[in-house]
Amino acid sequence: MQYRIGGAPLTGAAPSLFSEPEANCTLCGRLAEFRQANRVALPGAHNAPVPAFGPLDARLLIIGLAPGLHGANQTGRPFTGDWAGDMLYPTLLRHGFAQGQYGERVDDGLQLIACRISNAVRCVPPQNKPTPAEISACRDFLSREIAAMAELKAILCLGRIAHDSAVRLFGVKAKDFPFAHGASHRLAHRSLKLYDSYHCSRYNTNTGVLTQDMFDAVIERIATDLWLS
């Protein structure tokens with residue numbers, strides 16, 4: 001089986017194509033330094049690249065920006081322990097993409113169904129702002145992750161940065177795939193469909209940029225499209 005995402009083809013058995021960054025990944029010097037500082041300041045936290053959550057045979061991949069300092073960087077699971085997770089996980093539960101109960105910790109027993117959650121950048125960045133170089137450096141992990149997801153049909157990008165990273169990954173022109181909340185785009189590659197939502201961050205929800213109804217509508221549309229496909 002052969003996969004091509006944004007450049008050279010990737011060949012081999014799908015699951016073997018992907019591996020998470022090492023705990024002491026040094027691809028991004030600034031992020032590595034910040035990680036080391038956090039290991040001193042937050043000794044009980046995960047303080048390493050945060051692996052994706054959910055099965056590789058999922059039909060939906062949700063892409064966020066990066067781990068939050070006191071969320072995923074603390075717990076070691078995407079969107080777990082922070083404001084964004086308080087919106088994301090209950091919404092996935094309501095629409096059949098998860099089962100169990102979200103308890104803001106990795107041992108809460110929550111399981112994802114036909115869904116996987118990842119980030120454009122695996123390590124927590126200072127002030128939650130990765131640089132373009134850091135986003136680019138981490139894109140290879142995302143590329144190989146998508147290549148390893150043989151059943152993937154839909155990608156949901158939470159925020160413009162996740163959207164732009166995915167668009168660059170597939171090698172298409174950004175002007176032909178503009179970001180907008182609720183937008184969807186058909187990708188020729190493996191007939192994937194790309195969906196957009198504003199990020200479910202504290203700022204966006206507190207200011208009304210993203211409401212629960214708006215987010216529910218996006219997830220419901222994806223669920224309907226997937227179950228009917």
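Is serine 191 buried, partly exposed or exposed? At 47% relative accessibility, serine 191 counts as partly exposed, where buried means under 20% relative accessible area, exposed over 50% and partly exposed in between (1.4 Å probe, protein chains only). The model is predicted, so that local features need pLDDT of at least 70 and side-chain atom pairs count only at pLDDT 80 or more, while totals for chains, interfaces and linings use all residues. Residues are numbered from 1 along each chain as its sequence is written, and side-chain values use heavy atoms, with hydrogens and water left out.

Serine 191 sits in the loop between strand S8 (184-186) and strand S9 (193-197); helices (H or I, at least four residues) and strands (E, at least two) are DSSP runs, numbered from the N terminus. Although not a glycine, serine 191 has a positive phi of about 55°. Phenylalanine 79, also other than glycine, has a positive phi near 60°. This residue belongs to the loop between helix H2 (72-75) and H3 and is buried, at 6% relative accessibility.

Arginine 139, in helix H4 (residues 132-148), is buried yet has no salt bridge, defined as a side-chain nitrogen of Lys or Arg within 4 Å of a carboxyl oxygen of Asp or Glu. The nearest side chain of opposite charge, aspartate 164, is 8.4 Å away (Lys and Arg count as positive, Asp and Glu as negative; His and the chain ends are not counted). The side chain of arginine 139 instead makes a polar contact of 3.0 Å with that of serine 165. A polar contact is a pair of N or O atoms within 3.5 Å; within protein, one must be able to donate a hydrogen and the other to accept it, and residues adjacent in sequence count only if both atoms are side-chain atoms.

Aspartate 216 lies in helix H7 (residues 212-228) and is buried, with a relative accessible area of 14%. Its side chain is joined to that of arginine 94 by a polar contact of 3.3 Å. Beyond neighbours within four places in sequence, aspartate 216 is in contact (heavy atoms within 4.5 Å) with Thr91, Arg94 and His95.

Alanine 52, in the loop between helix H1 (29-41) and strand S3 (60-64), is buried at 18% relative accessibility. Leaving aside neighbours within four places in sequence, its contacts include Glu20, Pro78 and Glu145.
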